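Subject: Structure handover

Hello,

Here is the structure I promised to pass on. Please open it first, then read my notes below.

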Amino acid sequence: MQEPYPAHSLRIMDTAYLAYADMRAASQNEEYWITGVKADMLFADEHGRWWNLTDWLRSLPEDQQVADVWVRAGKQEQVRVRLIAVRLPQEVIERRKKRANGSVQRRPKSKGVQQCGRRPKKGPGRQPRKRARKHNKVSASKRRQ
(Lines give C-alpha, C1' and ligand atoms only; values in the text may rest on other atoms or scores of the structure.)
Protein backbone atom coordinates (compact mmCIF):
# COMPACT_ATOMS: atom_id res chain seq x y z
CA MET A 1 0.00 0.00 0.00
CA GLN A 2 1.37 3.36 -1.00
CA GLU A 3 1.63 5.98 1.70
CA PRO A 4 0.18 9.41 0.87
CA TYR A 5 2.63 12.11 -0.08
CA PRO A 6 2.99 15.03 2.31
CA ALA A 7 1.32 18.35 1.52
CA HIS A 8 3.37 20.68 -0.72
CA SER A 9 5.49 17.76 -1.94
CA LEU A 10 6.74 17.52 -5.53
CA ARG A 11 6.73 14.28 -7.56
CA ILE A 12 8.32 13.63 -10.93
CA MET A 13 5.92 11.32 -12.75
CA ASP A 14 5.97 9.31 -15.95
CA THR A 15 3.05 10.25 -18.21
CA ALA A 16 2.06 6.60 -18.50
CA TYR A 17 1.36 6.44 -14.74
CA LEU A 18 -0.43 9.75 -14.22
CA ALA A 19 -4.15 9.96 -15.00
CA TYR A 20 -6.29 13.09 -14.85
CA ALA A 21 -8.09 11.71 -11.80
CA ASP A 22 -4.70 11.37 -10.05
CA MET A 23 -3.85 14.97 -10.99
CA ARG A 24 -7.13 16.19 -9.49
CA ALA A 25 -6.62 14.20 -6.27
CA ALA A 26 -3.05 15.46 -5.91
CA SER A 27 -4.17 19.05 -6.43
CA GLN A 28 -6.86 18.72 -3.77
CA ASN A 29 -4.24 17.33 -1.35
CA GLU A 30 -1.86 20.22 -2.13
CA GLU A 31 0.63 17.89 -3.84
CA TYR A 32 2.50 18.90 -6.97
CA TRP A 33 3.85 16.92 -9.90
CA ILE A 34 6.00 17.37 -12.97
CA THR A 35 5.44 15.20 -16.01
CA GLY A 36 6.04 15.14 -19.72
CA VAL A 37 3.05 15.73 -21.95
CA LYS A 38 1.76 13.61 -24.80
CA ALA A 39 1.58 15.47 -28.11
CA ASP A 40 -2.12 14.68 -28.52
CA MET A 41 -3.16 16.03 -25.11
CA LEU A 42 -6.37 18.07 -25.21
CA PHE A 43 -6.80 21.15 -23.06
CA ALA A 44 -8.83 24.32 -22.85
CA ASP A 45 -7.10 27.69 -22.74
CA GLU A 46 -8.18 30.70 -20.64
CA HIS A 47 -10.78 31.62 -23.30
CA GLY A 48 -12.37 28.15 -23.20
CA ARG A 49 -11.06 27.15 -26.64
CA TRP A 50 -10.04 23.48 -26.95
CA TRP A 51 -6.58 22.73 -28.29
CA ASN A 52 -4.45 19.78 -29.25
CA LEU A 53 -1.00 20.42 -27.76
CA THR A 54 0.81 20.19 -31.11
CA ASP A 55 -1.56 22.68 -32.78
CA TRP A 56 -1.33 25.07 -29.84
CA LEU A 57 2.47 25.04 -29.93
CA ARG A 58 2.42 25.78 -33.67
CA SER A 59 0.11 28.75 -33.05
CA LEU A 60 2.66 30.48 -30.80
CA PRO A 61 4.78 33.29 -32.28
CA GLU A 62 8.13 32.13 -33.71
CA ASP A 63 10.09 34.46 -31.41
CA GLN A 64 8.41 33.21 -28.21
CA GLN A 65 10.96 30.97 -26.47
CA VAL A 66 8.94 30.01 -23.37
CA ALA A 67 5.21 29.53 -22.88
CA ASP A 68 3.91 29.41 -19.30
CA VAL A 69 0.11 29.25 -18.99
CA TRP A 70 -2.63 27.77 -16.82
CA VAL A 71 -5.00 25.46 -18.72
CA ARG A 72 -7.73 22.88 -18.04
CA ALA A 73 -6.37 19.49 -19.12
CA GLY A 74 -8.56 16.62 -20.22
CA LYS A 75 -11.86 16.65 -22.07
CA GLN A 76 -13.82 15.10 -19.19
CA GLU A 77 -11.76 15.67 -16.03
CA GLN A 78 -10.70 19.26 -16.84
CA VAL A 79 -7.97 19.49 -14.25
CA ARG A 80 -6.36 22.91 -13.84
CA VAL A 81 -2.66 22.51 -14.64
CA ARG A 82 0.28 24.75 -15.40
CA LEU A 83 1.64 24.12 -18.89
CA ILE A 84 5.25 25.14 -19.52
CA ALA A 85 6.78 24.73 -22.98
CA VAL A 86 10.32 25.69 -24.02
CA ARG A 87 11.19 26.07 -27.72
CA LEU A 88 14.06 23.84 -28.86
CA PRO A 89 17.07 25.31 -30.66
CA GLN A 90 16.88 24.97 -34.47
CA GLU A 91 19.82 22.52 -34.65
CA VAL A 92 18.05 20.15 -32.24
CA ILE A 93 14.86 20.35 -34.30
CA GLU A 94 16.78 19.58 -37.52
CA ARG A 95 18.59 16.64 -35.89
CA ARG A 96 15.30 15.17 -34.66
CA LYS A 97 13.64 15.63 -38.06
CA LYS A 98 16.57 13.94 -39.77
CA ARG A 99 16.39 11.01 -37.37
CA ALA A 100 12.58 10.76 -37.73
CA ASN A 101 12.74 10.87 -41.54
CA GLY A 102 15.28 8.05 -41.66
CA SER A 103 14.02 4.55 -42.14
CA VAL A 104 12.16 3.27 -39.12
CA GLN A 105 13.14 -0.26 -38.28
CA ARG A 106 11.47 -2.59 -35.84
CA ARG A 107 12.60 -6.00 -34.83
CA PRO A 108 10.20 -8.87 -35.36
CA LYS A 109 8.07 -9.38 -32.27
CA SER A 110 8.28 -13.14 -32.15
CA LYS A 111 11.60 -14.93 -32.05
CA GLY A 112 12.04 -18.65 -32.23
CA VAL A 113 8.46 -19.38 -33.21
CA GLN A 114 8.08 -22.60 -35.13
CA GLN A 115 7.07 -21.93 -38.72
CA CYS A 116 4.59 -24.02 -40.64
CA GLY A 117 5.49 -25.58 -43.94
CA ARG A 118 8.63 -27.16 -45.31
CA ARG A 119 11.93 -26.58 -43.67
CA PRO A 120 14.92 -25.67 -45.81
CA LYS A 121 17.09 -28.63 -46.66
CA LYS A 122 20.35 -28.94 -44.83
CA GLY A 123 23.47 -29.25 -46.87
CA PRO A 124 26.33 -27.34 -48.39
CA GLY A 125 25.44 -23.91 -49.66
CA ARG A 126 22.09 -23.82 -47.87
CA GLN A 127 22.02 -21.17 -45.17
CA PRO A 128 18.94 -20.48 -43.08
CA ARG A 129 17.32 -17.19 -44.03
CA LYS A 130 17.64 -14.35 -41.58
CA ARG A 131 14.48 -12.57 -40.66
CA ALA A 132 14.13 -9.26 -42.42
CA ARG A 133 13.49 -6.17 -40.39
CA LYS A 134 10.22 -4.42 -40.97
CA HIS A 135 10.47 -0.93 -42.40
CA ASN A 136 7.65 1.33 -41.27
CA LYS A 137 6.92 4.80 -42.53
CA VAL A 138 7.13 7.77 -40.18
CA SER A 139 3.69 9.32 -39.68
CA ALA A 140 2.96 12.78 -41.08
CA SER A 141 2.22 14.19 -37.60
CA LYS A 142 5.59 12.95 -36.31
CA ARG A 143 7.41 14.59 -39.26
CA ARG A 144 5.64 17.92 -38.59
CA GLN A 145 6.66 18.08 -34.91
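Start with strands E5 (residues 66-73) and E6: eight bridges join them, and they run antiparallel. Strands pair when DSSP finds at least two bridges between them. Strands themselves (E, at least two residues) and helices (H or I, at least four) are DSSP runs, numbered from the N terminus.

A word on the source. This is a predicted model, where local features need pLDDT of at least 70, side-chain atom pairs count only at pLDDT 80 or more, and totals for chains, interfaces and linings use all residues. Residues are numbered from 1 along each chain as its sequence is written, and side-chain values use heavy atoms, with hydrogens and water left out.

Back to the hairpin. E5 and E6 form it with five residues between them. Gly 74 sits in the turn and has a positive phi of about 95 degrees. Across the strands, Trp 70 has Arg 82 in E6 as its bridge partner.

Strand E6 (residues 79-86) has two faces. Val 79, Val 81, Leu 83 and Ala 85 make up the covered one. Arg 80, Arg 82, Ile 84 and Val 86 make up the uncovered one.

Next, the charges. Side chains of opposite charge can pair when their charged atoms come close. A salt bridge here is a side-chain nitrogen of Lys or Arg within 4 Å of a carboxyl oxygen of Asp or Glu. How many salt bridges does a search of the whole structure find? It finds four. I describe some of them here.

Arg 11 pairs with Glu 31, with the closest N and O atoms 3.4 Å apart. Arg 11 is in strand E1 (residues 10-13) and Glu 31 is in the loop between helix H1 (20-28) and strand E2 (32-35), so the pair ties together parts 20 residues apart in sequence. Are these two residues buried or exposed? Both Arg 11 and Glu 31 are buried, meaning under 20% relative accessible area; exposed is over 50%, and partly exposed is in between (1.4 Å probe, protein chains only).

Glu 77 forms a salt bridge with Arg 24, again listed at 3.4 Å between the closest N and O atoms. Glu 77 lies in the loop between E5 and E6, and Arg 24 in helix H1, so this pair ties together parts 53 residues apart in sequence. Glu 77 is partly exposed at 32%, and Arg 24 is partly exposed at 31%.

Asp 68 and Arg 82 also meet in a salt bridge (2.6 Å, N to O). Asp 68 is in strand E5 and Arg 82 in strand E6, 14 residues apart. Asp 68 is partly exposed at 40%. Arg 82 is partly exposed at 48%.

Best wishes
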